[in-house]
Amino acid sequence: MHRVNLDPNAFNAQVFEYACFGIALIAPDGLILTVNPAIERIFGYTKEEFDGRRFGFFSHPEDKVKTINDLKQMMENNTSEVQLEKRYIRKNGETMWAFVSVRLFRNDEGQPLYYIAQINDISAQKESEQRLQETVERYTSLKKYNHDAVVSFDLQGKIIHANTMAEQLTGYRIEEELKGMELANLIGKPNVERILKDALHDSAIEEGIDTVVTKDGDIIEVLTSIAPIFVNEKNIGFYLICKDISEQKRLVLAKEMAEATNKAKSEFLAMMSHEIRTPMNGVIGMTDLLLEADLEEEHKEYVEIIRKSGETLLGIINDILDLSKIEAGRTELQEETFDLRLCIKDSLSVVSAKADEKGLELSYAISHNVPDYIYGDGDRLKQVLLNLLSNAVKFTSRGNVSVAVKKVEGDRARLAFAVTDTGIGIPTERLEEIFEPFAQIDSFMTRKHEGTGLGLSICRKLLELMGGEIHAESDGMNGSTFCFTIPLNEKTAADFDHPQHSISNGVDRLNILIAEDNAINTLVLKKLLETMGHNISVAANGQEVIEAALKETYDVIFMDINMPIVNGVDAARTIKEKLTTGKCPRIVAVTANALKGDREKYLAAGMDDYVSKPVKIDAIRKILLAYVHIRGSKEQKQFYP
């Protein structure tokens with residue numbers, strides 16, 4: 001063994017000078033007596049800058065152990081050495097972590113002589129530990145608060161750990177049951193074997209795992225992901241991540257059922273519209289014909305009562321269909337520029353006859369800053385006004401009914417309407433209830449006023465669709481006011497497409513084919529057209545219509561949509577395919593369906609025009625005038641190219 005003769009003093013001096021860790025000699029009162037070069041390097045201070053300083057002058061302000069007195073308290077239990085990790089502030093302001101070992105040396109009498117402090121810079125180690133801790137915490141948090149069940153298992157297929165969601169999904173307790181359990185209990189042995197064998201190189205392995213067996217034996221549908229666990233680049237196990245999709249499946253099923261219900265509701269509305277309007281067409285059409293005949297005054301009065309009753313029933317049907325269409329989301333706004341004042345005047349004119357009968361005064365007032373023309377759905381606004389005005393006239397026995405319109409400034413300009421009456425009023429506790437479907441102001445058994453109770457509900461839903469709102473005001477005795485708003489989109493006269501009125505109301509004799517399988521509706525439409533002086537032919541099914549159109553020349557075909565053998569749409573398509581444009585008659589769809597979009601649907605299917613039942617004389621006359629206008633334009637182009 002090789003021996004080296006060392007001078008202890010020289011050795012100690014060399015250790016002090018060249019040690020890689022810091023060494024400081026500290027007096028009992030904390031004064032720094034001397035430091036080695038390593039301390040200077042660690043803290044960035046020179047040896048001279050340490051002179052006169054006391055232990056802890058560069059300690060981090062948040063550390064508990066700063067001064068020599070703090071160290072003395074730690075040594076109260078007859079210990080001579082303290083080891084701790086603490087923070088310091090370097091000269092350049094950086095925070096550093098150090099492992100500090102301080103030993104107290106005493107004389108023979110036990111009195112403190114000095115402290116020797118050894119300081120190792122462990123900042124890099126602390127940073128690594130912190131990053132590791134953050135990673136662990138992120139992983140723990142991710143696993144703990146993940147909405148999916150997470151189970152880790154080793155290469156023998158035994159469960160290592162799981163999160164709370166796994167406990168909730170399976171019903172097994174983590175610590176007492178899941179840890180150490182065979183994963184095969186949850187997903188089956190074949191699945192576990194496939195994962196352990198192929199998961200590292202087959203990313204589709206998870207697609208076959210779609211169920212988990214719970215503690216109670218229930219089977220839960222899941223969406224599964226598999227992720228390998230690597231430590232030091234070595235695969236030590238896998239994560240099984242399961243999303244419970246049983247609730248999603250239930251939601252999808254509920255959605256499909258809701259969609260099916262909506263579809264059935266729409267089909268029911270179409271059927272109800274057709275089945276009710278078809279006989280109503282006969283009732284109202286025949287009364288219109290009777291009123292054109294030379295009847296005795298008493299009989300004419302009876303027929304008028306029948307006609308009014310029929311129109312009342314049709315109004316109720318329209319209300320039910322309208323509300324159902326809105327609730328089914330099938331109502332769309334038809335927006336264009338319209339004359340606001342004309343819209344209000346037209347609405348008042350509709351109720352003016354009833355108001356005159358009761359001696360009521362009708363009036364309207366529009367603020368000066370309200371524009372003449374606005375952009376929106378004028379027909380829907382008129383529908384709201386008519387509902388409110390009709391109610392106002394219905395429930396007012398004397399006095400007046402008025403409409404007021406003003407402009408409301410704000411983030412978005414709006415028009416505010418107020419329909420006021422001097423009628424029976426509305427109980428204050430029912431001011432909101434009356435907007436519910438089928439609500440009536442007076443009780444059902446004693447009420448004096450007809451109606452479905454749908455009008456106000458329709459008004460609210462239409463206004464919400466338009467971006468507005470409505471509410472009622474009343475003290476329950478002195479009339480009521482219905483206030484509503486709509487967004488204001490101002491336009492000018494230049495934006496308004498003024499309707500073109502025909503110069504002549506007369507139509508020359510036309511050859512017309514009626515395609516209708518219902519005998520009463522055929523009779524009604526035939527008589528209406530014959531009173532106008534036209535030549536009429538009749539076909540009872542779609543095949544007869546096609547044969548007649550190809551054999552004879554017709555100007556117009558009124559084509560019922562629902563006919564036997566060949567339906568109206570297919571019959572119209574066949575006729576248009578076989579006849580040239582110049583010889584093809586104008587085909588008008590006649591249907592008892594009156595749902596939103598029916599007109600557009602039939603026009604897109606190849607029809608030239610559309611009319612719904614009950615068929616009115618004015619509607620027929622308008623269609624024939626349109627035909628004459630189109631034919632005249634074509635003839636003019638032929639003679640004057």
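Q: What makes up the secondary structure of the protein in this predicted model?
A: The secondary structure of the protein consists of 19 helices and 23 strands. Of its 641 residues, 40% are buried.

Q: Why are helices H12 and H13 called roughly parallel to each other?
A: The axes of H12 (residues 340-358) and H13 (residues 378-394) cross at roughly 25°. Angles under 35 degrees count as roughly parallel. The two helices, H12 and H13, are therefore roughly parallel to each other.

Q: How do the axes of H12 and H13 come together, and which residues make the contact?
A: The axes come within 9 Å, and H12 passes H13 in a right-handed crossing. Among the residues of the contact are Leu 340, Ile 344, Val 351 and Ala 355 of H12, together with Leu 381, Leu 385, Leu 389 and Val 393 of H13. The residues of this contact comprise 12 nonpolar, three polar and five charged.

Q: Why does Ala 355 count as buried?
A: Ala 355 is part of helix H12. Buried means under 20% relative accessible area. The relative accessibility of Ala 355 is 0%, and therefore Ala 355 counts as buried.

Q: Which residues does Ala 355 touch, not counting residues up to four places away in sequence?
A: Contact means heavy atoms within 4.5 Å. With residues up to four places away in sequence not counted, Ala 355 touches Leu 360, Leu 362 and Val 393.

Notes:
Residues are numbered from 1 along each chain as its sequence is written. This is a predicted model: local features need pLDDT of at least 70, side-chain atom pairs count only at pLDDT 80 or more; totals for chains, interfaces and linings use all residues. Side-chain values use heavy atoms; hydrogens and water are left out. Axes are lines fitted to C-alpha atoms, for helices over the stretch in contact, and angles run from 0 to 180 degrees between N-to-C directions. Helices (H or I, at least four residues) and strands (E, at least two) are DSSP runs, numbered from the N terminus. Angles under 35 degrees count as roughly parallel, over 145 as roughly antiparallel, 65 to 115 as roughly perpendicular and the rest as oblique. A crossing is left-handed if the near helix is turned anticlockwise from the far one by less than a right angle, and right-handed if clockwise. Ala, Val, Leu, Ile, Met, Phe, Trp, Tyr, Cys and Pro count as nonpolar, Asp, Glu, Lys and Arg as charged, and the others, Gly among them, as polar. Buried means under 20% relative accessible area, exposed over 50%, partly exposed in between (1.4 Å probe, protein chains only).
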